[in-house]
Amino acid sequence: MLDTLTQQPPDALLALIKLFNADPRGDKIDLGVGVYRTGQGDTPVFGAIKAAEKCLLETQDSKAYLGPEGDMGFVHALMPYIFGGEDPSKSGRIEGMQTPGGTGGVRLALGLAKKAGVGRIWMGTPSWPNHAQIVADLGLELKPFAHARPDGTVDMDRLRGTIAVAEVGDAILLHGCCHNPTGIDYAAAQWDEIAALLAEKRLLPVLDLAYQGLGHGMDEDAYGVRKVLASVPEALVAYSCDKNFGLYRDRVGALYVMTSEAGQLAAALSNGHALARANWSMPPDHGAAAVRIVLENPAITAQWLDELDTMRARMRQVRARLAEFGTAGSVDLRPVGIQNGLFSVLPLSSEQILKLRSDHGIYMAGSGRINAAGLTMGNIDTFVAALAAVSG
Ligand code: LMR
């Protein structure tokens, strides 16, 4: 039977990692997969994580199984950062579980939505390509709508129209902050309106918060999630620590479930546990345990927040520098300056993207998405000159 299987293309984003590594050019530039890089081009382990790992090494006395919910100390330690002062967990309507990365959180959120009877997922496009893959793999119907306008601003009219035609029982997937791939986020007033519309229309929000702290700050980046949760009866939040704790390959994430009644929460969560058991049984422990230690220890917490501030400041600096160029050939770089997080999409054709790779050793996603963290004050001029050369 296995003979019937046909060759599948490798995941385009992950394939870029291998292509980049295989390129022998010394001056190549990696703007592909979404990992943060320092001004020297490295992706080091956070000092706070190193400190927590040291502590973990010294104090961990067992590696026996925990259960499908993972490390609940980790899950609870994150909650004040995500949900803020008005922590809805205090109402007994919200609880979480650990997942393998943010992807595991999204997978579980959509799986749970399906189990609860959701058939259609509305999603702004472009989006992170894996969102659509997960929706398709679960056999859910994807209903796309344009996320942004060509001028680089959020298309609120489309979103309003989408919510107007969506039906009770549909879910809508929204990026909490640092939209992947566009970097175009909803402003606070727009979140206020979205939250009210979702509440009125009784859609199930699935909020993907994968870059908290990389946009404007931990609280600022959680504004939308907090606003929506304060307005609607029920919601699902997929969370990732892969970027804001730099734990990429350790796969650290969570799913939070908010039900309309506190009495429903245990039953809803038990479905998450059952889905997790059938999918991966239990999430990997190490990275989540390290995050828990970071958040339990005030000195290490302060160190982590400091490191996050440095990352955010560098992203702002790179974005501001790119915007200062104005244009490069036909590419307007000014919107990049006001976009958030690691990513922006440049209006380039497939041919131009391939030419950047073959002639200039510059690697970016086929959508024109750049990971701005791959730019440094040392290579940004080269990048802009190459952009001008291929698009001029
Ligand atoms: C990205 O979009 O580059 C990251 O989220 C990594 C991934 O898993 O695709």
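The model is predicted: local features need pLDDT of at least 70, side-chain atom pairs count only at pLDDT 80 or more, and totals for chains, interfaces and linings use all residues. Residues are numbered from 1 along each chain as its sequence is written, and side-chain values use heavy atoms, with hydrogens and water left out.

The domain assignment of the protein gives domain 1 as 10-45 + 303-391 and domain 2 as 65-296; such bounds come from an automatic or database domain assignment. Between the C-alpha centres of domain 1 and domain 2 the distance is 27 Å. Domain 1 brings 20 residues to the contact and domain 2 brings 27 residues, where contact means heavy atoms within 4.5 Å.

About 1,900 Å² is buried between domain 1 and domain 2, and carbon and sulfur atoms give 62% of this area. Buried area is the accessible area (1.4 Å probe) that two parts lose on being put together, summed over both. Of the area that domain 1 buries against domain 2, 33% is supplied by W304, R312 and N340, more than by any other three residues.

On the side of domain 1 that touches domain 2, α12 (298-324) and β11 (343-345) each supply at least two residues. Helices (H or I, at least four residues) and strands (E, at least two) are DSSP runs, numbered from the N terminus. The largest share of this side, six residues, comes from α12.

The residues around the ligand are L13, V33, G34, W128, N180, Y211, K243 and R369, each with a heavy atom within 4 Å of it. A backbone N or O atom of G34 is 2.7 Å from an oxygen atom of the ligand. From side chains, a polar atom of N180 lies 3.0 Å from a ligand oxygen atom, and an N or O atom of R369 lies 2.8 Å from an oxygen atom of the ligand.

N180 is also joined to P181 by a cis peptide bond, with omega about 25°. P181 is in the loop between β5 (171-175) and α7 (188-201). C178 is found in the loop between β5 and α7, and its phi is near 50°, a positive value in a residue other than glycine. Another cis peptide bond joins T125 and P126, with omega about 0°; P126 lies in the loop between β3 (120-125) and α5 (129-137).

How values were computed: A polar contact is a pair of N or O atoms within 3.5 Å; within protein, one must be able to donate a hydrogen and the other to accept it, and residues adjacent in sequence count only if both atoms are side-chain atoms.
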